[in-house]
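Please walk through this structure with me, starting from one chain, moving to the other, and ending where the two meet.

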Amino acid sequence: MTTVLDSSPLSVVDALRGDRTRRPRNDTTSSAGLRATLDDGIYDIIGAQRLATPVVVRASSLHQHTKTTELSMSSHGRLRGVLVSQILRLLSVGIAIDHAFDDAVAAWRSEVGSSDLLDQLDRLDDDERARLATDLSAHYVALSQALGPIPARWLPRSGVRASQRLAGGSVILRDVVDLMIGTTANDVASVALFDVTTSPLGEGAERTMRFHALVQTLRTSTVPLRTCTFSTATGELWIHDVDYELLARSVDEVLAAVSSLWSSS
Amino acid sequence: MVVVVTTLHHRRLTTEQLHDLVSGAPTEQAQLTDDHRTSLSARFRAVSSPGHRRLDAWSVEQAGKGGSAFRWAPATARRVLGNGALRRVEATESLSIIDAVRDELADQLLRAASGYARAGSLAYWLASSAHPVLGLVTSEAVNWATQLHEIGQGLPSPWTVATADAYYDVATARTSLRARRDLIVDNDTSRVIVRVRAGAPGKSAGPGLRADLTIETLANHDGVAPARFIGLWPEAGVCLCVDGTMDDLRSGARDLVRTAVAQRRQRTLLAA
């Protein structure tokens, strides 16, 4: 089932919760089949050889097409995306945000220490910095209004990392889910994956949603309940219930990305 | 010729697999005697060191190579705060994980405010951190505690959150050994130790686990080895474990001594 909400729901949290009585039982059997399909597909692409340098597939690998550059991949867009993710992390544990830009930068700096993107931020002149701060404030307002308070009993985790080695380590799937709620220790599916983007939603966002669900399934061997993405640019929220068909589609997309990365290496 | 058979089990990290690993732990436990401790001390004494030497599973996995200097960050603070928070949740069931982390954070800040924190400690760093940094620390600690709680819920026997890592000071060898441990599972007659690590296990994860197993056994006042030492890598969704056999303990001790030798060689090269 796909839900497209053009108008803002009561809150993202309410939308993620859905109807408790209609949740399916935990699917702990699909992951083995998906992994086998991926391994077989990778074998068809790169053969039996073990690569010294693995092919790394990220959510962003599924977006990029030849001669196409998305606005979100620009330096300004990447900085904005990283800072909005930091804001989400603070909001997920109920931290009051006084000044979106300063707070997000302080949190980010403490996390990464040093990075190329952080250097780019430091090299911005006053005008560019002010423009980014204003831009970020707008995205922060959109996010905080849509998100609403997250109940502690929903076990919110933010910035959840995952890495999956496939084909004996020749291919690695890396992923970071912005916000995850629910637990795999239930009889019914209850894990919801939430991704936030500062770009308008498009085909790339759908692929990302599916990728999050696939990597989470491979990591925990449990199929999550929902995967969703929210655009702070447009206020749109897309939600998919996760089923085998959705995961199988993501497997095809991952294999296409592996093929593309492998042929270009 | 002496045949050494060590153990290393590799499983996907699922509730069922973890359940099987804990409930299927061997019942016979190895025990280190005073002679073993004396022999290990002699080996470490034979490897000279200009200063105090600290060894752990990480140094074994890195073959003694020194990494970058330690600095406090949300990712390095999460384990201390997350484990402390989970202890609170286990003691008071009505407490949510987020509230428990906030309480743990408040305790650390109180320690700093009352002057009990030394420079370089977690409490000292937290007290000097800005509000958003404390927010990110809270977020990381909540992630850690939630993940550990989920793991604990899948265990078949009663478990507790370890109050501290295992430490063993090797007599007269100026060497301290440290083993990470997060959950202690108590079966009727034996114990199983669970250790959680970020990232994915590398090729030397097995020797790292054996080093932790050996240090954990040395730190036990009776020298009794845990039935099984389980390492979890939730990000990668895998778990590895070694059994508390005498062969695994010997192998762990050998790796620790080799690491001390490798460290000395590197220092010598740097000095040259």
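Helices and strands are named here as DSSP runs, a helix being a run of H or I of at least four residues and a strand a run of E of at least two, numbered from the N terminus. The model is a predicted one, and every value quoted below should be read with that in mind.

Chain A contains eight helices and seven strands. Its radius of gyration is 19 Å, close to the 18 Å that the globule rule gives for 265 residues, so chain A is as compact as a globular protein of that length. Along its principal axes the C-alpha trace of chain A spans about 55 × 50 × 30 Å, and 45% of its 265 residues count as buried. If one takes the contacts in chain A between residues at least 6 apart in sequence, 74% of them join residues at least 24 apart.

Strand E7 (residues 237-241) of chain A has a covered face, made of Leu237(A), Ile239(A) and Asp241(A), and an uncovered one, made of Trp238(A) and His240(A).

Two packed helices are described by the angle between their axes and the distance between the axes. Helix H4 (residues 100-112) and helix H6 (residues 126-147) of chain A pack at an angle of about 95°, with their axes 8 Å apart, and H4(A) and H6(A) are therefore roughly perpendicular to each other. On the H4(A) side the contact is made by Ala100(A), Phe101(A) and Ala104(A), and on the H6(A) side by Ala133(A), Leu136(A), Ser137(A) and Tyr140(A). The residues of this contact divide into six nonpolar, one polar and no charged.

We now turn to chain B and its sheets. An open sheet of six strands has the order E1-E9-E8-E7-E6-E3 in chain B, with mixed pairing. Strand E1 (9-12) and strand E3 (159-161) of chain B stand at the edges, each with a single partner strand, so one side of each is left without a neighbour in the sheet. The twist averages 20° from one strand to the next. Within this sheet, strand E8 (residues 228-233) and strand E9 (residues 238-243) of chain B run antiparallel and are joined by six bridges, with Leu232(B) standing opposite Cys239(B) in E9(B). H7(B) packs on the sheet, where it touches E3, strand E6 (183-186), strand E7 (191-196) and E8 of chain B, and the direction of H7(B) makes about 15° with that of E6(B).

Three further strands of chain B form an open sheet in the order E2-E5-E4, again with mixed pairing. Strand E2 (53-56) and strand E4 (166-170) of chain B are at its edges, each with a single partner strand, so one side of each is left without a neighbour in the sheet. E2(B) and strand E5 (residues 175-179) of chain B run parallel and are joined by four bridges, and Arg54(B) has Ser176(B) in E5(B) as its bridge partner.

Finally, the two chains meet: 27 residues of chain B are in contact with 31 residues of chain A. On the chain B side, the elements that give two or more residues are helix H4 (74-91), helix H5 (97-113) and helix H7 (131-153) of chain B. H7(B) gives the most, with eleven residues. The residues on this side of chain B divide into twelve nonpolar, eleven polar and four charged.

Notes
Residues numbered from 1 in each chain as written. Chains lettered and ligands numbered in written order. Predicted model: local features only at pLDDT ≥ 70, side-chain atom pairs only at ≥ 80, totals over all residues. Pairing = 2+ DSSP bridges. Contact = placed C-beta atoms within 7 Å. Nonpolar A, V, L, I, M, F, W, Y, C, P; charged D, E, K, R; others polar. Rg over C-alpha atoms; globule rule 2.2 N^0.38 Å. Buried ≥ 20, exposed ≤ 12 C-beta atoms within 10 Å, placed from the backbone. Axes fitted to C-alpha atoms, helices over the stretch in contact; angles between N-to-C directions. Parallel < 35°, antiparallel > 145°, perpendicular 65-115°, else oblique.
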